[in-house]
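Look over the sequence and the fold, then read the points below.

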Amino acid sequence: MDVLLMIIYATLSLGFLVFIHEGGHFLAARAFGVRVSEFMIGLPGPSLGFTRGETRFGVTAVLLGGYARICGMEPGEIHPHTKDVLRFIATHGEASVNQVAQECSLPVEDVVAAFEQLEDWGSIKSPRKVNNDAVFQLAACLPSARVKKRCSKQGILVPAQRAQGEAMSFCSDSAFENFYRYELAQQYRSIPFWKRSVILVAGVAVNLLFGLLAFVVIYSILGVDVVNHATGEVVHRFLNPLQSIQAGFSFIGMAVVSVLHLFNPQTAAETVQNSASVIGIAVISKTAAEHGLVSFLSFMAMISVSLGVMNLIPIPPLDGGRFALEVVQKLMGRNLGKRIMNGVSTVGVVIFIAFFVFMFMHDIQRFVLGALQ
């Protein structure tokens, strides 16, 4: 029963914090007219959900983490055959890789690369099987008012609404060129540096904002019990909102210092020892919930702040790593090559996984094996 409660509390608390984190990315992207094809709670995989507009919302089979699939974030330049492949699929409504390769006389590997890019853009949807061929469909067109306004400023005509797989007709090359510009305008790669930066740090900002609001609720609305060490008397105190916000910023500062200690060889080991993985969070969340609303809300505030600050570490796949790459590209005045971007991302993922596994094993020894002794 205790294990079940730990799983429930950890799933609810982490699920909520991941939801608001990814929600920050989602809202920032949509505010700038960037397409978001998926908003999921859980790791990529089989999912249940619904589609609203051009975004599919839902939960996956593994409720650990979450993601907002912002279109056009793939590294490298636009593939030279992406435009041609898009035109073929748009005029037919759907197509397979082999069909495009044969009818357009293109190498299969180039068509595959173009398909992958268009799927990342949200311009085409995942395949269905037809005669053992994977058939991709042209995505539905449901432009929002914000997208229409942004396209209008850029002199781009917004296509009429259409269902998924519905073919389009172009009266001229300029008509297709307008459609291509419309698709490209909704990609992360098409917006300026400052907007991309806002999208990347929006998740962190929401986590920190939630932490600050939680501190205001705890100290200014619910109040906390304070022990008078001279008399031993317990007094229920309330702070004014400014003092509560100051307490929140004080904790954010401590979280930043803890993260910085990870990069100091003299303090890194101790910092890791005092950190917690999913197992530790599950154990602590159950304990906090059992001690009441103030305790659980305090726990949520601290985890939210920690999640936000940890995401600022400049290694992919964390937000800080993506932001660091954006800064490097801005300073260089050009985009890094796909091979370099993928290499950096691979190294970052290996470091991230190694840290996760180490913390996971450390928490098993500390909370599971330690409890059995």
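In which sense do strand S1 and strand S3 pair, and over how many bridges? Strand S1 (residues 36-41) and strand S3 (residues 55-60) are parallel, with 4 bridges between them. Keep in mind that this is a predicted model. The structure holds 8 salt bridges and 17 aromatic pairs.

**The sheet**

- Four strands make up an open sheet, and their order is S2-S3-S1-S4. The pairing is mixed.
- Strand S2 (47-52) and strand S4 (66-70) are at the edges. Each has a single partner strand, so one side of each has no neighbour in the sheet.
- From one strand to the next, the twist averages 15°.
- Strands of a sheet pair through backbone hydrogen bonds, in either a parallel or an antiparallel sense.
- Glu38 has Arg56 of S3 as its bridge partner.
- Helix H1 (residues 2-31) lies across S1, S3 and S4. Helix H1 runs at about 170° to S1.

**Aromatic rings**

- A pair of aromatic rings is described by two values, the distance of the centres and the angle of the planes.
- Among the 17 aromatic pairs is Phe39 with Phe57, whose ring centres are 5.9 Å apart. Their planes meet at 45°, so this pair is tilted.
- Phe39 belongs to strand S1 and Phe57 to strand S3, so the pair ties together parts that are 18 residues apart in sequence.
- Both Phe39 and Phe57 are buried.
- One aromatic cluster is formed by Phe19, Phe26, Phe39, Phe50 and Phe57.

- Side chains of opposite charge can pair when their charged atoms come close.
- Arg69 and Glu38 form a salt bridge, with their closest N and O atoms 2.7 Å apart. The pair links distant parts of the chain, since Arg69 is in strand S4 and Glu38 in strand S1, 31 residues apart.
- Is Arg69 buried, partly exposed or exposed? Arg69 has a relative accessible area of 35%, so it counts as partly exposed.
- Glu290 and Lys286 also meet in a salt bridge, at 2.5 Å from N to O. They are 4 residues apart in helix H10 (residues 278-290), which means that about one helical turn separates them.
- Lys286 is buried, because its relative accessible area is 11% and the cut-off for buried is under 20%.
- Arg35, Glu54 and Glu183 are joined in a network of salt bridges.

**Helix H12**

- How far apart are the end C-alpha atoms of helix H12 (residues 319-332)? They are 20 Å apart. At 1.5 Å a residue, the 14 residues should span 20 Å, so the two values agree.
- The buried residues of H12 are Asp319, Gly320, Gly321, Leu325, Glu326 and Gln329.
- Glu326 forms a salt bridge with Arg196, and the closest N and O atoms are 2.9 Å apart. This pair links distant parts of the chain: Glu326 is in helix H12 and Arg196 in helix H7 (residues 193-222), 130 residues apart.
- Glu326 and Arg196 are both buried.
- Gly333 follows H12. The phi of Gly333 is positive, near 75°.

Conventions: Residues are numbered from 1 along each chain as its sequence is written. This is a predicted model: local features need pLDDT of at least 70, side-chain atom pairs count only at pLDDT 80 or more; totals for chains, interfaces and linings use all residues. Side-chain values use heavy atoms; hydrogens and water are left out. Helices (H or I, at least four residues) and strands (E, at least two) are DSSP runs, numbered from the N terminus. The expected span of a helix is 1.5 Å times one less than its number of residues. Buried means under 20% relative accessible area, exposed over 50%, partly exposed in between (1.4 Å probe, protein chains only). Two strands pair if DSSP finds at least two bridges between them. Axes are lines fitted to C-alpha atoms, for helices over the stretch in contact, and angles run from 0 to 180 degrees between N-to-C directions. Contact means heavy atoms within 4.5 Å. A salt bridge is a side-chain nitrogen of Lys or Arg within 4 Å of a carboxyl oxygen of Asp or Glu. Rings of Phe, Tyr and Trp (its six-membered ring) pair if their centres lie within 6.5 Å; planes under 30 degrees apart count as stacked, over 60 as edge-to-face and the rest as tilted.
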